[in-house]
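My notes follow the structure.

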Amino acid sequence: MNERQQKLTDEFLYNNSGQLSEKTFLQQFPQGEQSLSEWVSTILNNAATQCVSGSPADSERVETALNLGFRFGFAPVDKGTLINLLDNPLHTRHEDVIWALESLKLGKDDDLTEAFYRCALSEFDYLDDERGEDGSYMLNSNSIYGLAKIATPLAIEKLALISASAIPQIRSKVEEVTKIYHLPLTWPD
């Protein structure tokens, strides 16, 4: 996005008190010959590609791309880009990436299973500040829920592996979630 497009997008997504309609926004931010889903995919892919330094600008690009996707929709073609963002430690929007992947309703997907598994065990630097005194492991928990929703033998195997985590909150979350979803689980020794 160029500077004008970024300013327009910021106004539409963050500073808009109903003044800039979706129709006006889309007219002023030309998509060229792309469909709306292709346009969102391009912005998302560009943000993911540019997220290489962990700078605030990287996080802002990722946040903007995800918010546009939530507003206008993600497409199945975005799966690879979203999985790359889920693995990328240089931004702070991993929970949003999980929700974006879940919005695609990919079902029994092994790539998604592997991505949620890696994320459930992730320890991104910014999470230390977000955990605070309550020791919340929301990103890990959302990944565990994602695996439970997939519920394939591979996903159940990954949940069993996660249950061996050294972090008690993660272990108890696996136990809780597998009970909620009535999943058979072989606990590691």
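These are my entries, one topic at a time.

**Ground rules.** I am working from a predicted model, where local features need pLDDT of at least 70, side-chain atom pairs count only at pLDDT 80 or more, and totals for chains, interfaces and linings use all residues. Residues are numbered from 1 along each chain as its sequence is written, and side-chain values use heavy atoms, with hydrogens and water left out.

**Helix α5.** I took helices as DSSP runs (H or I, at least four residues), numbered from the N terminus. I used "buried" for under 20% relative accessible area, "exposed" for over 50% and "partly exposed" for in between, with a 1.4 Å probe and protein chains only. Helix α5 covers residues 79-87, and its buried residues are Lys79, Thr81, Leu82, Ile83, Leu85 and Leu86. What do they pack against? I found α3 (36-50), α4 (56-72), α6 (94-103) and α7 (110-120).

**Leu82.** I listed its contacts (heavy atoms within 4.5 Å). Beyond neighbours within four places in sequence, Leu82 touches Leu44, Leu66, Phe74, Val97, Ala100, Leu101 and Leu104. I then checked the nonpolar core, meaning buried Ala, Val, Leu, Ile, Met, Phe, Trp, Tyr and Cys residues joined through side-chain atoms within 4.5 Å. The largest one has 52 residues, and Phe25, Leu82 and Leu101 touch the most other members.

**Aromatic rings.** I searched the whole structure and got ten aromatic pairs. Rings of Phe, Tyr and Trp (its six-membered ring) pair if their centres lie within 6.5 Å; planes under 30 degrees apart are stacked, over 60 edge-to-face, the rest tilted. Phe25 and Phe72 count as stacked because their centres are 6.2 Å apart and their planes are at 5°. The pair links distant parts of the chain, with Phe25 in helix α2 (residues 22-28) and Phe72 in helix α4, 47 residues apart. Phe25 is buried at 0% relative accessibility. Phe72 is buried too, at 14%.

**Lys158.** I noted Lys158 over the face of Tyr117, at 4.5 Å from the ring centre. The test is NZ of Lys or CZ of Arg within 6 Å of the ring centre and within 35 degrees of the ring normal.

**Cysteines.** How many disulfides are there? I found zero, taking a disulfide as two cysteine sulfur atoms within 2.5 Å. The sulfur of Cys51 is 14 Å from its closest cysteine sulfur, in Cys119, so that is too far for a bond. Cys51 is buried at 3%, and Cys119 at 1%.

Note on methods: Helix = DSSP H or I, 4+ residues; strand = E, 2+ residues; numbered from the N terminus.
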